[in-house]
Amino acid sequence: MNCRTIIYVVLLVSLTVVKAVPRSYRNTEEKNSIGQHFSQLQENNFKAIAMIMFAQYVQGGTFGKAVKMAEDVTDLAKRCAAAAGDNLDCLKPLDRIFLDTICQEENLPRFTDCCAKKDPERNDCFLSLKNASRGFISPFERPNAEAACKNHSQHQHPLTGYFIYEVSRRHPFLYAPTILSVAIRYDEMMKNCCGSAADPTHNLEECFRRQAPKVVKPVKEDGLRQEHTCGILKKFGERTLKALKLAQISQKFPKADFVTVNKLVMDIANMHKDCCRGDMLDCMHDREEILHYVCTNQDILSSKIKKCCEKPLLQRSECIVNSENDDKPADLSPHIREFIKDKGICERFAQEKDTHLDRFLYEYSRRHPEFSAQMLLRIGKGYEDLLTECCKTGAPDDCCSRGEEELRKHIYETESVMKTSCDIYKEKGDYYFQNELLMSFTKKMPQLTSAELIKFTKQMTTIGSKCCQLSQDKLLPCAEENLDLVLGEICRRHLTDPINAGVCHCCSSSYALRRPCMGKLEIDENYVPLSLTPGLFTFHEELCTTEEEKLQHKKQEMLINLIKYKPQITQEQLTSITAAFTAMREQCCKEENREACFMKEGPELIKRSEKMLSA
């Protein structure tokens, strides 16, 4: 496949890939026919999507191999579109054709076991090998700015095509439309920065440094959200995912009736099933149909998405997700006491349990945009438990009424936790707030590496800076829904390399209760503390750096090791040791021979600290 084709495809697909598909595209046979896909997408579009899919499946494969496999599949698709009945391969489901192509390739030993399986187990095996963890593939090395511009001027099309390949294999669960839109941003950045290279006042490095974050932002954010959603679907099942989407959509579109909201929930859940399975073509078709439905039914859904629906297709989904919740209907009663007081509740609960619970969640969610979706799921679970208990024979008459008191208590507790966290953040600021989190999470999860603990608590601190400045009605959705992404990442880390029994329980028992469960974890009593080896605490001249960020990072690593060495450390002991360390650092950084000072005073500090800890 000519690499020149790829960049042409990127520009073309960004505008037409899904619009080219007829809306009648729901027939199952048609949906799985490679010839139909080819005819609807056209050759260049089909080839670009194939390239992304192969790079995502065979992450360790070369660019040339991904191009070859994409070309082979495209050739078959072209033949099938011309004469589908002449070739039995044309009748195979699309995912099977892609996997067959990989399994026919030589020098791919990593997939031998998967290729020996039958579908759908083979596809599940391939998906299990997708690895999105950082370090699995070496990070992108940013080239010298001048060399990059020279390369771009001489090889613009292959360079962008190679960029698509590299992004795809590093982000195996990322939506193909996101990758294509990122490629366009990349090409725009290259043109913007390199186009002014002849201007002597133009700083190339500064241009790339300023624009690069805008290019990679969708990759990081969309990739994390996609992996997070797939993790929920895999671990907690379709029912939990549907409940989550029901709460979110009911908040977003409070004027929509239950039937309309439920239709969207079903469609979005089916889309995620396709996307999480790795079927990127069906994933894109599903997404476009949902967007089409939403934008052609604005009158019954929302008055806040008009501008989103006028945007280019690739920007539409993100815009709608981030749009404001629509205003609640003026005649919407503040309470839904009929779900508590109505005499026919138990009969409805017995006859149509799921529908009744869904209606409760819908009605409660559309009335409470100030709650997080996770909190709404906990309220829904509390309501289910209440009816299970109160609909038993012999239950007291006032049984259901007690549920209202439990509900008020849960709301108060959740709001108190968030308010307390924000008060600490506002008082201490980023660095010291992160240190508080480091102390807590190192005790809960001492098995995590220092780098992991710093990364996760840094993400939580960023949530504090983002959410704690918001008004009370926006605090909970912002804080808990963003925190849920971080906890999801911790839980996926646990699946790859188990952390401890407490984390296992929180990650496995209930999605809705995951955040409160993690919050209640205390010191891992089964953890064997680190031994005081000579290399555990080392003090060198680098502690005198004037770069505050580097110094803070070094101090946080020491804090983590201190807690791993003495998990039961008290705040008073920590304060004393911190003060002693600060005094030593100030003393040695004034000395002419700083390293000699640290070599002498460091061991003394450790001895004094041991005495403090054993007191």
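I began with Y431, which is buried at a relative accessible area of 13% (buried means under 20%, with a 1.4 Å probe and protein chains only).

The model is predicted: local features need pLDDT of at least 70, side-chain atom pairs count only at pLDDT 80 or more, and totals for chains, interfaces and linings use all residues. Residues are numbered from 1 along each chain as its sequence is written, and side-chain values use heavy atoms, with hydrogens and water left out.

**Aromatic pairs**

I looked up the ring pairs next and found 19 aromatic pairs in the structure. Rings of Phe, Tyr and Trp (its six-membered ring) pair if their centres lie within 6.5 Å; planes under 30 degrees apart count as stacked, over 60 as edge-to-face and the rest as tilted.

I checked F258 and Y362: the centres are 5.5 Å apart and the planes stand at 65°, so this pair is edge-to-face. F258 sits in helix 13 (residues 258-277) and Y362 in helix 20 (residues 353-367), so the pair ties together parts 104 residues apart in sequence. Helices here are DSSP runs (H or I, at least four residues), numbered from the N terminus. Both F258 and Y362 are buried.

I then went back to Y431. Y431 pairs edge-to-face with Y432, at 5.0 Å centre to centre and 70° between the planes. I also noted a cluster: ring pairs link F339, F360, Y364, F371 and Y383.

**Charges over rings**

I found K130 over the face of Y57, 4.7 Å from the ring centre. K263 lies over the face of Y293, at 4.6 Å from the ring centre. The test asks for NZ of Lys or CZ of Arg within 6 Å of the ring centre and within 35 degrees of the ring normal.

Methods
Helices (H or I, at least four residues) and strands (E, at least two) are DSSP runs, numbered from the N terminus. Buried means under 20% relative accessible area, exposed over 50%, partly exposed in between (1.4 Å probe, protein chains only).
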